[in-house]
Amino acid sequence: MKSVTKRQTKSKQSKNQNENLKVKDDNKPHKSSPIAKDVESEPTENTPLIEDEIKIHKNLIAGEYDNKLVVVLTIFALLIRLPYIHNPKQVVFDEVHFGGFANKYISRKFFMDVHPPLAKLLITFVSLIFNYDGSFPFKSIGDDIPNNVPYIQMRLLNALLGIGLVPISFYTIKALGFSSITAFVTGILVTCENSIATQSRLILLDSPLLFFTGFTLLSWAKFQQYQKRPFTSQWWKWLAFTGIGLGLVSSVKWVGLFSVATIGLCTLNNLWNILGDLHNTMKNFIKHFMARVLCLIVIPISIYMFFFYVHFKVLNQTGSGASFMSPEFETTFDNFTIPAAQLQVGYGSEITIRHVNSNGGFLHSHNSNYKTGSKQQQITCYSHRDSNNVWIVEKVGNETLKNFEPLKSGDTIRLMHKSTKRRLHSHDNEKFKPPVSQQDFQYEATGYGNPGIVDSNDHWKIEVIGAKDGDPVEAIHSKFRLVHVNNKCSLFSHSVKLPEWGFSQQEVTCGKGALKKNTVWFIESNKNKLLGPGAKKISYEKPGFFKKFVELNIVMWNVNKGLTSSHPYESHPSSWLGLRRGISFWTGKKEYVGRIYLIGNPVSWYLGSVSVLFYICFFALSHFIEQIHRKSKIFNINSLYYCKGGFLFTAYFWHYFPFFIMGRQLFIHHYLPCVYITILFGMISIETVTKQIKLVRWLVPVALTVASFISFILYSPLTYGTFMTTKHCKMLKLRSTWDWDCEYYDKNAAKLTSTSNKIK
């Protein structure tokens, strides 16, 4: 045993010596390399200087100066992104919404928004640190911001996250296996991309979204470096960081789910390769699988749910968003109580009736008539509790009630509106169609008559879902349809609003063969004098966190789908790749002469667009060359570019193409994660194409750096919201579809002079 140990020790020592010799040899330039030729040519007194330049070049390629380069990039980004962040001292674009949401958090009043809460909570947290009291309403674009609002600090949060994306882009390029010079130029391009800079200088959500998207892609790229060393501390670290990134990016906007799709597809490919490796046992594969379940499913979902937990804890008061939620959800607010209702519903009961499917609006009427059709009294669905929601259950025979008589499934009833004394009514007159839904199967629902007038078109049959005729109708528990006896249509409502003369309340009709889920109602409040004080009562059951979490996410999804109205600056995804047009964020008024307009830097934007098309061609040609059994230095399916470019293309695909199937409003800022990805794509494409030619390998990155910086400076007035001349403005219009008004500047230039005189 001792002799074996000695041999092993000698073997290890010999191996270490060989490795040391190899490292020394690697540090020497090979005679066949271009560097070696430069060293060997004509030794002169300047030879030490040439050797120093070669050493710097090698270290720059190898990554010896990475941390120093990142410091330089960060300082450069600070100098580019922070100037004029105070300008304007007015509300810009969607600061109307996200500044307003900070007010809601501070007042703790529940509101509805289609985005998850993380970024909004961060903005609110910063405002509270600087003693903001939530008093400024952020009502309209261009409103002057008072001195007590820490709007600069709120914008600064997003600016710093935008700056943080710059070192992330550097380290991502390095993690993908490309050179430091490529990573450095990538950081410059990200810094000088006007669209990202504009979006990250305001109180908006896209800067956190981009930061966490970049962090997620970086973490996965770093994780891939440790595939040969599974279950080491670094392997676990970067796998866990990927999951944390997925949780954070999904908690900012649902666009973050595209990052989940990207990493999910890469994970499936990763697991497939592990499963196909014959050296791996099934036990080892299960370990890999469970590690990914923990880090890429459990961790992201836990983070996502945690921020909703915080959201619910903060917003514990009823507010404008409560009307979107179920009554059960509303009972969880500290300042909200619904009196318990009598369980048994009977004739003579005063009731309120809620629609099940469309956010629980109340069956409602008021002393106003339709402007079309029969011009009888309006019947609507109203989302707030109101005295005009109360109806009285009447027997068809007008009998005087002495004792309580329960309402049963299958009964024919009349419903009289308590305030106006009109009865719920419908008719089959084809001339009188509903004001909005005028399909053949839709009929008017109106308020008609008075206590002394009896009309058979006021008769409705109550059909309790899942019950037999004769079963009692109960408050809250019983879900039912009201079927018109004469016309055989069911009382119907949907999320369609009446015109202004109908107070923009929700339309109610009588639908024959209409969508069944829109014809279901239930009774919330119920009061009958003929029931004694000991009558059994019922109230809503308070949901726990998980039920609230699920309900809110469903409502957010439905509201998001409903954002289909047109907007002057909306755009189609097909126009984004070519930067057809941008978005006007703000135009200066009063003493301000400037405009903030979201537009990309043409250098980095079009470089990224071309690189996407190049990779598609590269992918196709590489496979074609492989099929015909030829070899190519560039078009190779085993190349680094093929592999890492595939990862970036997957990310690009999932962050872009889903928008083509969406029916909601879309804007070019939805493309910004793709802009970031295409900048990475563009730079690794350039390194792949130029790395064989020494001079071009340096010249192209330098040229891109200079061109990108100059382009940023030229377009910076649209980013910073500062003044430029009309001539300068017109020079920027590379496309006729770029629709900012250049004449505005010279027309308002006099304001600058008058303002400066006032300051003097």
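Q: How many salt bridges does a search of the whole structure find?
A: This is a predicted model, in which local features need pLDDT of at least 70, side-chain atom pairs count only at pLDDT 80 or more, and totals for chains, interfaces and linings use all residues. Residues are numbered from 1 along each chain as its sequence is written, and side-chain values use heavy atoms, with hydrogens and water left out. A salt bridge is a side-chain nitrogen of Lys or Arg within 4 Å of a carboxyl oxygen of Asp or Glu. Searching the whole structure by that rule gives a count of 14.

Q: Which residue's side chain meets Arg 385 in a salt bridge?
A: Helices (H or I, at least four residues) and strands (E, at least two) are DSSP runs, numbered from the N terminus. Arg 385 lies in the loop between strand 4 (377-382) and strand 5 (390-395) and its partner is in helix 14 (residues 327-330), so the pair ties together parts 55 residues apart in sequence. The N to O distance is 3.4 Å, and the partner is Glu 330.

Q: Is Glu 330 buried or exposed?
A: Buried means under 20% relative accessible area, exposed over 50%, and partly exposed in between (1.4 Å probe, protein chains only). Arg 385, at 34%, is partly exposed. Glu 330 has a relative accessibility of 5%, so Glu 330 counts as buried.

Q: How many residues has the largest nonpolar core?
A: A nonpolar core is a set of buried Ala, Val, Leu, Ile, Met, Phe, Trp, Tyr and Cys residues joined through side-chain atoms within 4.5 Å. Residues with the most contacts (heavy atoms within 4.5 Å) inside the largest core include Leu 363, Phe 585 and Trp 740. The number of residues in this core is 183.

Q: At roughly what angle do the axes of helix 7 and helix 10 cross?
A: Axes are lines fitted to C-alpha atoms, for helices over the stretch in contact, and angles run from 0 to 180 degrees between N-to-C directions. The axes of helix 7 (residues 151-175) and helix 10 (residues 206-224) come within 9 Å, and their crossing angle is roughly 20 degrees.
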